[in-house]
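Morning, everyone. Please look at the model on the screen, and I'll walk you through its contacts.

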Amino acid sequence: MSQKPLRVLGAGVVLGAAAAVAAGSAAYAQEDPIRIGSFLSITGPASFLGDPEQKTLEMYVDRINADGGVLGRQLELVVYDDAGDANEARTFATRLIDDDEVDIIIGGSTTGATMAVVPLVEEAHIPFISLAGAVVIIDPVNAWVFKTPHTDRMACQKIFEDMQARDISSIGMISGTGGFGTSMREQCLEVAGDYGITVVADETYGPRDSDMTPQLTNIRNTDGVEAVLNPGFGQGPAIVTRNFAQLGIDVPLYQSHGVASASFIELAGDAAEGVRLPAAALLVAEDLPADDPQRDVVVTYKTEFEEQWDQPVSTFGGHAYDALFIAVDAMERAGTTQPEALRDAIEQTTGFMGTAGEVNFSPEDHLGLDLSAFRMLEIRGGTWTIAD
Amino acid sequence: MAEFLQFFFSGITVGAVYAMVALGFTIIYNASEVINFAQGEFVMIGGMTSVFLLSAGLPLPLAIALAVAIAVAVGIALNVLAIEPARGASVVTLIIITIGASILLRGLAQIVFDRQFHTLPAFSGETPITIGGAALQPQALWVLGGALVVVLALGWFFTRTLMGKAMRATAHNRLAAQLAGINVRFVLMLSFALSAAIGAVAGVLVTPITLTSYDAGAMLALKGFAAAILGGMGSAAGAVAGGLLVGIAEAMGAGYISSDYKDAVAFVIILLVLFFLPRGLFGGKSVERV
């Protein structure tokens, strides 16, 4: 403990001071890279999550390395594609821990993949920052598991807050039966009462379903539905939105943060007009007021991502951005990548401004975001606008 | 009543697509007794190719025509590269080859296209037509009309043209057809080309409603397979009836029972048919075809 970390720190100072000659430095050459392991759903049904996440990690690891790395060591990113399959995720996580001997794991695009890996990292004592949504990941708190995206419970609360403000008290729900939709449906049903909202119709659809007209017809025929909420992600919500418009249902439609990407508007077309959803500030980066504390980080990330990849930014890539920089920040504060010290440093993260909002971790809170991190957006004129 | 009508519209729209997939199964099955599990991939190729050609600046009709042509080329290539070389292998082996081909095509589509969901603009607007309190999308009429045209054209082809008769002869008795001078290898190739074309047309027509992605084919193939089994493997009329019935059963199941089990409906149908009606609704009585 006494010798090595000090030398690492020393090397870091030297390198920071003379980045140009760093590549030739002997100390530099001897140091192992910091290994960041990742398993993401780059292909498969959740590829719209894993794809921007992978691109974000790759891009910023390269940039950090070009700037001299972290603690004077280069970062090495090891990415596996779990294709949205929890079994695969578990296999790859085992490989990351046993064979690749990574210092930290950032990944888990889906809740299923994340939860399959939680027992492994808890046992192996490897810090793990998940990029998946559901509240079960951090409630109850697992010592080694953190996450960057808002939870589905917070999305429900934000939506119900908005409904309350619009005097809506009885709603219909149509939820996807994938992990995300199922979890969010349960969370919404749990907190609906707190906002004086009754769910009078409760329908579901399969993740690969291509027509939700029957379910929506049932909702339409239920008395007293004042708004419809659709927890789910992927193509399902786009089809729900289209069917909703085709059936001429005349109440507000709420989507979840799961559809917060430009492709949703593109797929749903004109039917998306007037749809409301909670989302991170990233989607409306340029529309944020100049004094918004989040403005800088989201505008920077958006510009850099879109410049590099020539595709619209999505909040999911933003979660990977937050996770990577929380990890880097913690490494710098810990001055080491020793697992216990790194875990403690991550847990002590406060006032970190990410694309999802201000992160304040604590031993009781491994999410560190509050409701203010969500903005209620409305789709108007084919683009996102801030509704509140 | 409006509710019933709504479920019915929803069912026949989706059912028409299942019917076209089932028709594709039927044609290849008749020519070779192979169940081509890459049938769903033809649907995907039709949809995805027209999306990408359209976004590349081609006018919609040309994009669609090209997409169908490309799907046909893929169908022929599948036959020439994968099925022909394994000629003489058991039918089960050939079926497994088609499963492999479907995985390969899905993988290729991921690389050639991308992994996102895509849509096409509806051919004649998106203002729904209201009939008896139920809404019907104009695109659904295109799907139904398309299915009808395909069925009529196939009917004409199989009963009025020499080539069609040759295909039916091959379906009845391959050896006898060969002895009568029919080029059964060409018939097999034609069956793949036809199936691919029908699949691609279905894919193009349905993309504005259901959206498409590189892996959209798998579920369609399974549903189309259920439809073909229900109708009686090998019967074109059965494929159409089976497709519509599966679609309607799904919509009614989702509407009246529980939407949780919508996908299960098709598979319960397969099981029930296999248990109680192994030759399907329109399957022949003759034993040797089974």
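First, a term: the domain bounds I quote come from an automatic or database domain assignment. And keep in mind that this is a predicted model.

Start with chain A. The assignment gives domain 1 as 32-150 plus 296-373, and domain 2 as 152-279. How far apart do the C-alpha centres of the two domains of chain A lie? They lie 29 Å apart. The contact between these domains draws 14 residues from domain 1 of chain A and 18 residues from domain 2 of chain A. On the domain 1 side, that makes seven nonpolar residues, seven polar and no charged.

Next, chain against chain. Chain B puts 26 residues into the contact, and chain A puts in 28 residues. Which helices of chain B supply at least two residues each to the side that touches chain A? Helix H1 (2-32), helix H10 (236-257) and helix H11 (262-276) do. H1(B) gives the largest share, six residues. By type, the chain B side splits into nine nonpolar, 11 polar and six charged.

Last, a helix pair inside chain B. Helix H5 covers residues 138-160, and helix H6 covers residues 162-172. Their axes come within 5 Å and cross at roughly 80°. An angle of 65 to 115 degrees counts as roughly perpendicular, so H5(B) and H6(B) fall in that class. Who makes the contact? From H5(B): Phe157(B), Phe158(B), Thr159(B) and Arg160(B). From H6(B): Gly164(B), Met167(B) and Arg168(B). That contact divides into three nonpolar residues, two polar and two charged.

That's the tour. Thanks.

Note on methods. Residues numbered from 1 in each chain as written. Chains lettered and ligands numbered in written order. Predicted model: local features only at pLDDT ≥ 70, side-chain atom pairs only at ≥ 80, totals over all residues. Contact = placed C-beta atoms within 7 Å. Helix = DSSP H or I, 4+ residues; strand = E, 2+ residues; numbered from the N terminus. Nonpolar A, V, L, I, M, F, W, Y, C, P; charged D, E, K, R; others polar. Axes fitted to C-alpha atoms, helices over the stretch in contact; angles between N-to-C directions. Parallel < 35°, antiparallel > 145°, perpendicular 65-115°, else oblique.
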